[in-house]
Amino acid sequence: MGGYRAGVQALGDVIKPGLRVLFCGINPGLVSAQTGHHFARPGNRFWPALHQSGFTPRQLRPDEQGELLGLGLGITNVVDKPSARADELTKAELVVGGENLVRKVLAYQPRWLAVVGVTAYRDAFGERKAGMGEQGKRIGETRVWILPNPSGLNAHYTLPKLAAAYAELEKVSAGGR
């Protein structure tokens with residue numbers, strides 16, 4: 001794969017048409033790219049937050065990511081290129097990734113797109129004042145929500161704070177469009 005480090009590959013989406021929520025990471029970390037599983041780095045709090053917020057009946061492991069589809073959930077990324085840290089991405093890569101994400105959302109039409117990472121969302125969509133929670137922007141009929149980044153590098157959000165933020169979306173998304 002052009003430009004990717006040895007042993008590192010692009011990560012496939014967990015997606016199908018009509019999902020309740022399509023979670024969107026910034027880009028795959030190196031552990032995720034090596035294992036082929038989203039949010040796979042030990043210390044990433046995505047899977048615990050997903051469970052503690054009520055999205056999943058039990059805490060899934062990264063290698064069980066396919067089970068999300070049966071729950072009406074999926075995962076993609078703004079940028080496909082793996083990196084050790086999201087801040088290694090250029091603004092141009094995020095803008096192109098945002099354009100690709102819009103096409104993907106229009107094709108698959110989830111009810112909600114949940115971007116995990118406000119800074120990446122701001123850069124990808126040019127919305128400098130975006131904050132956490134529901135956005136005024138829609139992509140087609142898809143509503144947009146920003147969640148905190150579950151990376152262990154985002155120490156500002158403890159696991160209970162992450163789970164509470166994810167639980168807000170779980171409640172809203174469970175009510176339909």
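Reply: The radius of gyration, taken over C-alpha atoms, is 15 Å, which agrees with the value near 16 Å that a compact globule of 177 residues would have; the globule rule is 2.2 Å times the number of residues to the power 0.38. The model is predicted, so local features need pLDDT of at least 70 and side-chain atom pairs count only at pLDDT 80 or more, while totals for chains, interfaces and linings use all residues. Residues are numbered from 1 along each chain as its sequence is written, and side-chain values use heavy atoms, with hydrogens and water left out.

Along its principal axes, the C-alpha trace spans about 45 × 35 × 30 Å. The protein has five helices and five strands, in the order β-α-α-β-α-β-α-β-β-α along the sequence. Here helices (H or I, at least four residues) and strands (E, at least two) are DSSP runs, numbered from the N terminus. Of the 177 residues, 49% count as buried, a term that means under 20% relative accessible area, with exposed over 50% and partly exposed in between (1.4 Å probe, protein chains only). Contact means heavy atoms within 4.5 Å; among contacts between residues at least 6 apart in sequence, 70% join residues at least 24 apart.

The aromatic rings can now be considered. Rings of Phe, Tyr and Trp (its six-membered ring) pair if their centres lie within 6.5 Å; planes under 30 degrees apart count as stacked, over 60 as edge-to-face and the rest as tilted. By this rule there are eight aromatic pairs. In one of them, the ring centres of F23 and F46 lie 5.5 Å apart with planes at 80°, so the pair is edge-to-face. This pair links distant parts of the chain, since F23 belongs to strand 1 (residues 21–25) and F46 to helix 2 (residues 46–52), 23 residues apart. Both F23 and F46 are buried.

F23 also pairs with F55: their ring centres are 5.2 Å apart and their planes stand at 85°, so this pair is likewise edge-to-face. Again distant parts of the chain are linked, for F55 lies in the loop between helix 2 and strand 2 (73–77), 32 residues from F23 in strand 1. The relative accessible area of F23 is 0%, and F55, at 3%, counts as buried too.
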